Amino acid sequence: MASMWATLVLLAGLVSQNGEGAIGPANRWTTRGGSPARSGAVATAPVRGPVEVAWSHAVEGTLEGEPLVWDDRVVIAFASNARRRVLRVLDLLTGETTYERAIHSPLPLEPSIWGHLIVVRGGERELSAYRVTAQRLSGDWVYRADAELGAPLLVGTAVYVCADDAVERLTIGKREPAWRAEGRYRGAVSLRGDRVYAMRCPDGGNGASEIVRLDRRTGADTGAMFAGVFADGAIPTPAEPVHVGLLDCGVFALHPRPVELGESRVRAFGLRPDFGARRFEVLGGSTRLLVEPVGWRDGWLARVDDFRGGESLVLADHREQELVTLADTLSNPDFAATEVPASVAGAVAYVGTRAFDLQTYQVLWRAEGTPTARAVPARETVLVPVDGSRLVALRRQRGGRAQPLTLVPARTDVDDAVVILRDGSVEGGDLAFDATTGRVEGPRGAAWDLADVSWLEDGRSGLVYAAGRVEMRRALERLTDLLMGRYHAELADQARRTNDPELIGELVAEAWMRGYDGEELERAQAAIDALESRPKPRNDRLAAELSAERDSLASLPAQVFWDRARALPSDAPDAWRLELVRATLELAPEHAEATAMVRNLLPRGLKPPTRSFDALEWLTLVEAAARSPVRVVDGDGEPKTFAERELAATRRSWRDDLIGFRSENLLILTPVNRPGAVARCLSVGEVVCGALGEMFGAVDGSRDPLVLQLFATQAEYLEHSDDPGEAGSGLDWTAGHFDPFDNVSRIYVPDGGEAFDSVVQTYAHELTHHWLRARCPRIPPRPLDPKDGALPGFWIVEGFASMVDEFELDTSTGTWWSENPQSRHLDLTAGARAEERMPWKRVLGLTRDGFWKMNDAGAPAIPSTVVLGRTYQATGRHLFYAQSAAACRYLYHAEGGKHRAALLDYVVAYYNGDADALDVRKAFGMDAGELGRRAVEYAATELR
């Protein structure tokens, strides 16, 4: 019988979802550079840190290339000796080996993954395809060429490869290429949309190279662009590592040896090509790239030669026509010296074992190890090859162990059950579940420990046990794959009667892509073999019916999650139900039943728009309200409560379409057109208030909530923020402020979660001021007194709020951590020389009135170690904030928290106007100079 691989064909729908743009799909890293475009950027949710090593996997040899990822599967390749390579598949959650295959080859394997398929270069002239199932790593398709092969690119079931001086598009299982583009092509090809890009060395070109654009369906040459002349005149061999990548701002090339381009001799460069006119612009001008750049918006990030004998990390923004140096040999040299290319997920860049925010340039985390290939973002994980032979998985610290959910008695029988194990295998039948002993007993003596179980449900899709919310989603994705594979296999079996080998092949291909293996596929394959040798008339009616049934399966993945959301009992935790609803809507944003559930779960009294209802956006508000219960204040009727009176007054002074969201600590007044912004402010605000409550004591229930005005636009925020208080000067650069005269916080939140990340510190800072004045149980509310401006110790007001605004906040669990090694305040305090800092006696003795009368002259530029590309042009006020925060951080953390109680007492004394308690020596047992010296030492130690 012919190989079943022989039916696999390119699935156009899958490719259009995952192979079109410069940014690769979430939780996938399918080839070198992440995606078929090889841009180094993917839509995976970023890991912002802090991070710790979740697992470390050592290989028996040398890692080659980047780890590849498809959902929870990690693929690595390594050389065990000069002629032996190993292909290994790991579990993303644990790092454990699930499968491996030894391959005799003198060349790197250069694997490429798509779904359950992996293609490798199995020798100098050979490609091999493997399929990952829950039981094995199997494969029986081999393609042999007459000369050296380049690195393969797998997209769907099509393989693009440089072979025998040409670019070929192969279909896994078929012996002949779908098309072949002749020419001296070299290295690895890339794909974006309907175009394939590759590097060609024309005959008689004396070492010249060009980037060629080919039509993806036919292989036709649609344009070429000069890409330099190899300095030694010798063109690369077909297998040498030539890479072409596609960014939003242009095309880059990485050559194995230097090429001459204009007056430069470089290995990596970027072009903004005009293929029609055969013109190009070199990206970055005369800047010499040392590695391939990663795309970021209309620009790129890369390590470059700074023309002074050193290296720099630069960010190019082609919209603003600027090139920003983020790190060099003098400033953050650890970023500049990292030799591997960067990668991007969301608005976070990973530079080896380091990460920073691309919007604020804030360093997010640093980890140990010397990276030997670029970091790969995966689901809640960053994978970094280090030291040549280890793959390290970094995950967010303090995430805690997953909390399992059991919805049945400790011991129960489960009829017609489905159990999904952590290794991805799926079992079924009548089972006995015992949560006490941690065992699941199946038919024919089969049994599993709960530690190996991700999901267990009964025949009605009712959840019996799940290892955790993350495990739940992973398990149901695996179940979806299994069901989709099985249904496509059944359709393929029925399609034998259509006499249409192409339709049968497409259905078999989808089943194989989903990792399904069954006898239906063997029957379908036999039908294809027979039809290819003896065609029969096509049954158009049946073919149309089966094609329509196949199209209807597109709704199945969302339905898998929705059925389980609907089947959860009413006493199941809200977070689990909402996780399932979110997964449903991410797969099917217009899902009618899930959308209706979101509407029904909105806080009572909330009237969202009947049209243009973005269910996913409103779901963020539902999730926030589930963590911090919310009551809607609509203002109908005569105002009676504090919240109703505040809403009525604010409607008169601002706009009449406001509503209120009343939580335990907050009253958010806002137009109801930005539910995501409300949700983020609510979640962060409650965590900040909770942290302050833990420090100072439970809040008296009679206290009024903190009033927060959340504005729809920045212009509206500025129009209504004319207070003369702390933020009254230069409000155009602020994202929020507390107005002590009106006892209200005003904030503008940009759209999107990543944008909110850039203003969350401002929000936490101002909310700290507000909480201490209005809700702290140890500080009775009192009107502002002009005499307060003459109180010594104003440093505690700004220093304490600046300490809190750098706390790490986890809104999903309502938890917080006070330590932050990437503190800008500690950075400025430690980085300034003694003569540049404000005298500590002045900092700790300054009054509020004195602060506002300060001569705000700047100190010389002070380099930052936690914000890339930043030198602090520190004014007196900047130094006051930083040094005050450093003193607070020292008093809160140092010496085992020895001075923490005294620090909190000092905060209370200042807000209560108790001048006698504000003497630094009496409060802390040391004078200002000694406290300052200790604060500087503490800052320097924390930043190491």
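Helices (H or I, at least four residues) and strands (E, at least two) are DSSP runs, numbered from the N terminus. The structure is a predicted model, in which local features need pLDDT of at least 70 and side-chain atom pairs count only at pLDDT 80 or more, while totals for chains, interfaces and linings use all residues. Residues are numbered from 1 along each chain as its sequence is written, and side-chain values use heavy atoms, with hydrogens and water left out.

Gly 462 sits in the loop between β42 (453–457) and β43 (463–466). Gly 462 is buried at 11% relative accessible area (buried means under 20%, exposed over 50%, partly exposed in between; 1.4 Å probe, protein chains only). Beyond its neighbours within four places in sequence, Gly 462 contacts Leu 456, Glu 457 and Ala 567 (contact means heavy atoms within 4.5 Å). Pro 569 is 107 residues away from Gly 462 in sequence, yet their C-alpha atoms are 8.3 Å apart.

Asp 328 occupies the loop between β29 (322–327) and α2 (333–336). Asp 328 is also buried, with a relative accessibility of 15%. A polar atom of its side chain lies 2.9 Å from the backbone nitrogen of Leu 330. The Asp 328 side chain also reaches the backbone nitrogen of Ser 331, at 2.7 Å.

An open sheet of four strands runs in the order β13-β14-β15-β16, with antiparallel pairing (two strands pair if DSSP finds at least two bridges between them). β13 (153–155) and β16 (179–181) are the edge strands; each has a single partner, so one side of each lacks a neighbour in the sheet. Strand β15 (residues 166–171) is joined to β16 by three bridges. Val 167 faces Ala 181 of β16.

How values were computed
A polar contact is a pair of N or O atoms within 3.5 Å; within protein, one must be able to donate a hydrogen and the other to accept it, and residues adjacent in sequence count only if both atoms are side-chain atoms.
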